[in-house]
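Please look at the sequence and the structure, and then follow each step from a value to its conclusion.

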Amino acid sequence: MIRIGSGIDFHQLVAGRDLWIGGIQIPHTKGALGHSDADVLLHAICDALLGAACLGDIGVHFPDTASEFKDIDSKILLARTVALIQAAGYTIGNIDSTLCLEAPKIKPYVPAMQQCIATICGIAITDISIKATTTERMGFVGREEGLVATASVLLFKANHH
Ligand SMILES: [Zn+2]
């Protein structure tokens, strides 16, 4: 049995914040604003995993009103999400994702992101794809006011449940 899931996340880019994407800190003049470390890619992947398992969304499990999640490392949120879907009997097939931001160029950081996510999810780095694009300077992404990530995942469920 296979199931598909999709996730999308947005964060503002502001001065005075660190920029975390895919579990990696990236040097930049701005960082993502949010209750947690605002890792847009890990959040999109969490939502895709939860969606595939029909387990709600990241806001249900890790509410941004809870002090326990203030400034939390999103790698912890991803690990907890993986534990939730595994407890429901699922294993991860592959993850495909796209980052949409104007700057900085993230290609040099992609292998480290893949390794980080693969380790947390217990999959091979060849099962985690991370692509990047810009909006050709259009809109809020083009003005560097924010960034977007989307993710799609495939889950397998054992038949003996
Ligand atoms: Zn987010």
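Q: Why does His 11 count as buried?
A: In this predicted model, the relative accessibility of His 11 is 14%. Buried means under 20% relative accessible area, so His 11 counts as buried.

Q: Why does Asp 9 count as buried?
A: Asp 9 has a relative accessibility of 16%, and the cut-off for the term is under 20%, so the residue is called buried.

Q: What makes Asp 9, His 11 and His 43 donor residues of the zinc ion?
A: The zinc ion is coordinated by the OD of Asp 9, the NE2 of His 11 and the ND1 of His 43, at 2.0 Å. Donors are N, O and S atoms within 2.8 Å of the metal, and these atoms, at 2.0 Å, therefore qualify. Along the sequence, the spacing of the donor residues is D-x1-H-x31-H.

Q: Why does Ser 74 count as buried, and what does Ser 74 touch?
A: Ser 74, whose place is in helix H3, has 0% relative accessibility, and because buried means under 20%, Ser 74 counts as buried. Leaving aside residues up to four places away in sequence, Ser 74 touches Ser 36, Asp 37, Ala 38, Asp 39, Leu 42 and His 43. One of these, His 43, also coordinates the zinc ion through its ND1.

Q: How do you know that the reach of helix H4 is close to what is expected?
A: Helix H4, residues 110–121, has twelve residues, and the expected span is 1.5 Å times one less than the number of residues. The expected value is 16 Å, and H4 reaches 16 Å from its first C-alpha to its last.

Q: Which residues of H4 are buried, and what covers them?
A: The buried residues in H4 are Val 110, Met 113, Gln 114, Cys 116, Ile 117, Ala 118 and Cys 121. Their cover includes helix H1 (40–52), helix H3 (74–87) and strand S5 (90–100), among other elements. After H4 comes Gly 122, which has a positive phi, near 70°.

Q: What makes S4 and S6 the edge strands of the open sheet?
A: The sheet has five strands in the order S4-S1-S7-S5-S6, with mixed pairing. Strand S4 (31–32) and S6 each pair on one side only, and they are the edge strands.

Q: How do you know that S5 and S7 pair, and in which sense?
A: Two strands pair if there are at least two bridges between them, and S5 and strand S7 (residues 146–157) have ten bridges, so they pair, in the antiparallel sense. Asp 96 stands opposite Ser 152 in S7.

Technical notes
Residues numbered from 1 in each chain as written. Predicted model: local features only at pLDDT ≥ 70, side-chain atom pairs only at ≥ 80, totals over all residues. Heavy atoms only, no water. Donors = N, O, S within 2.8 Å, 3.2 Å for Na, K, Ca; no water. Buried < 20%, exposed > 50% of the residue type's maximum accessible area, 1.4 Å probe, protein only. Helix = DSSP H or I, 4+ residues; strand = E, 2+ residues; numbered from the N terminus. Contact = heavy atoms within 4.5 Å.
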